[in-house]
Amino acid sequence: MLLLRRCHSLTRFGPLNTQRHQVTPAVVSCAVRLWSSSSEDGGSYQRAHGPRWRHGLAGLLAGTGAVLAYGLHHHKAEQQDSSTVQTIKKTSAFPIISQEEVTTHRSLEHGIWVTFKGGVYDITEFVAMHPGGDKILLAAGGALEPFWALYAVHNQEHVLEMLSEYKVGELSAEDVKKQRAIKTSDPYSTEPERHPALHINNLKPFNAEPPPELLSDSFITPSAIFFKRNHLPVPQVDAASYQLHIEGLPGGVLTLSLEELKTRFPKHTITATLQCAGNRRSEMNKVKQVKGLNWGIAAISNATWGGARLRDVLLAAGYSPDVAQRAFHVQFEGLDKDVTGTTYGASIPLNKAVNEEGDVLLAYEMNGQDIPPDHGYPVRAVVPGTVGARNVKWLGKIIVSAEESSSHWQQNDYKGFAPGTDWDTVDFKSAPAIQELPIQSAITVPTDGAVVDRSSEEVTVKGYAWSGGGREVVRVDVSLDGGKTWQVAQMRSSEKGQAPGPSPPPGRAWAWKLWEVTAPLPAEAQELEIVCKAVDNSYNMQPDTVPPIWNLRGVLSNAWHRVKVEIREDDNEE
């Protein structure tokens, strides 16, 4: 009989108590019994710390930072209890369990067991509390290694500790040998090469941003250093056999090859900036830790995109104005998949998709060339003015629907919440999915901590500014004294030395503006606190500090950007 089931107050059959900050005698007693049956590897360490480990394991299995974060917020409160649990002695070893026995535990009724590196784990109680859906159940009765290979971001010591809390046995030597004979292929083994200048935030899946000083060098970001945000392995797609399916319209399913997409529809070109919802998350982490990739200021880039208008393709597929009476969303599904076959997905409002001025593209070109693999080859959605998460790459299917995408990334991620909302109180259904992004600007040169020589007598400050929804940036203000005094920066909307193009039509300012200001160094200052803030044509302005906009997912970070610069005095000065 499973040891966990002897602790009736903690099993799936008992009530789930979300207020587990105190270790009750019953819990400690249960922890003692479990620990007494553990091996030297820690076994059921910190059973009393249930929420942290239980919810954290979801990140291992489902591969989402938001789910991983769901339980880690308890860490502080639990530290005070750890001394109690650590006094418990470990004695006997785990029982030996066969793979055949593990396989029989694939349901809540019979328990959910999994194996990992020769250990057997009962995650039944965790599954009952898991906020990430049914995906975790797909590992039931089998090995975690395929999930681990896909979600390699969680291959860290603290996640192993989380998993160890659920250990109930050791897999038989014979079954371990059989598992080792079956090599789990690395789904990231065919990833494209990347530019060495990129700052890598996560290797598998690959997520990286360019150095800030390179970002502001060019109005059009070279594809090689355009920020890269992948959620799953980059799929290998054969352009010759590629097909795009459009569903949900009166005309039935329209299937297009890449060649048909290029020849049946006029090519449309736009210059548009894409920004990750987590851009500048690192500044929120300084206020209070959030869970997600620790992006700096460069999860944003600007490119020229070419392709067919989504509007034109929907019209060819049977769209007519009466469709808008029953359908409100256009869903996108990518060709990138996890081990369960689930694809990355997102959706946008139908009125954005069919609006003549919406400029939504099914893009097959980036900066005048085929879109590179990291950016969606052979076809991606480009939804200008909208958060990067909705610009689905490796596009395989489009669905006109009355409902939003049911994808995890639409329903349980990329949403903003109040600063007081935590993982105990968050209700993802209470917040709308992020679409248009707010006004944004950041300083790319000089970088924080840079040193400026007094002999130079002046400092040049550079950066970018952009606003979502096609709103044009009309002003960037820069301060050298922490916001006491300001001056207006010069902006450009083209490459250096080129005449700026005409102003975009109202509501269609899709591209960023680069800005620059050169100012004399203050005579007495030893340090500069340089600040920038932008204003768009709706007079939206950036908030001055991070705390009022802090949120548990670290998204929508757009407070005044600040860098501190040291002024070095001339060594020859007497």
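Author: Start with Asp-477 and Lys-533: both are buried.

Reader: What makes Asp-477 and Lys-533 count as buried?

Author: The label is a cut-off on relative accessible area: buried means under 20%, exposed over 50%, and partly exposed in between (1.4 Å probe, protein chains only). Both Asp-477 and Lys-533 fall in the buried class.

Reader: Why is the contact of Asp-477 with Lys-533 called a salt bridge?

Author: A salt bridge needs a side-chain nitrogen of Lys or Arg within 4 Å of a carboxyl oxygen of Asp or Glu. Here the closest N and O atoms of Asp-477 and Lys-533 are 2.8 Å apart, so the pair meets that definition. Side chains of opposite charge can pair when their charged atoms come close.

Reader: What does the pair of Asp-477 and Lys-533 tie together?

Author: Asp-477 lies in strand β22 (residues 473-479) and Lys-533 in strand β26 (residues 527-536), so the pair ties together parts that are 56 residues apart in sequence. A strand here is a DSSP run of E with at least two residues; a helix is a run of H or I with at least four; both are numbered from the N terminus.

Reader: Where do these values come from?

Author: The model is predicted: local features need pLDDT of at least 70, side-chain atom pairs count only at pLDDT 80 or more, and totals for chains, interfaces and linings use all residues. Residues are numbered from 1 along each chain as its sequence is written, and side-chain values use heavy atoms, with hydrogens and water left out.

Reader: How many salt bridges are there by this rule?

Author: The count comes to 20. One of them joins Glu-191 and Arg-194, with the closest N and O atoms 2.8 Å apart.

Reader: Are Glu-191 and Arg-194 buried or partly exposed?

Author: Glu-191 has a relative accessible area of 17%, so it is buried. Arg-194 has 21%, so it counts as partly exposed.

Reader: What makes Arg-508 and Asp-359 a salt bridge?

Author: Their closest N and O atoms are 2.9 Å apart. Arg-508 lies in the loop between β24 (490-492) and β25 (513-520), and Asp-359 in the loop between α14 (350-354) and β15 (361-366), so the pair ties together parts that are 149 residues apart in sequence. Asp-359 is buried, at 4% relative accessible area. Arg-508 is partly exposed, at 21%.

Reader: How do you know that β9 and β10 pair?

Author: Two strands pair if DSSP finds at least two bridges between them. Strand β9 (residues 243-247) and β10 have four bridges, in the antiparallel sense, so they qualify. Among the partners, Leu-244 is bridged to Leu-256 in β10.

Reader: Which side chains of β10 point to the buried face?

Author: In strand β10 (residues 254-257), Leu-254 and Leu-256 point to one face and are buried.

Reader: What is the strand order in the open sheet of five strands?

Author: The order is β1-β5-β4-β3-β2, with mixed pairing. β1 (96-97) and β2 (106-107) stand at the edges, each with a single partner strand, so one side of each is left without a neighbour in the sheet.

Reader: What makes β1 and β5 a pair?

Author: β1 and strand β5 (residues 167-171) have two bridges, in the parallel sense, so they meet the rule. Ile-97 stands opposite Leu-171 in β5.
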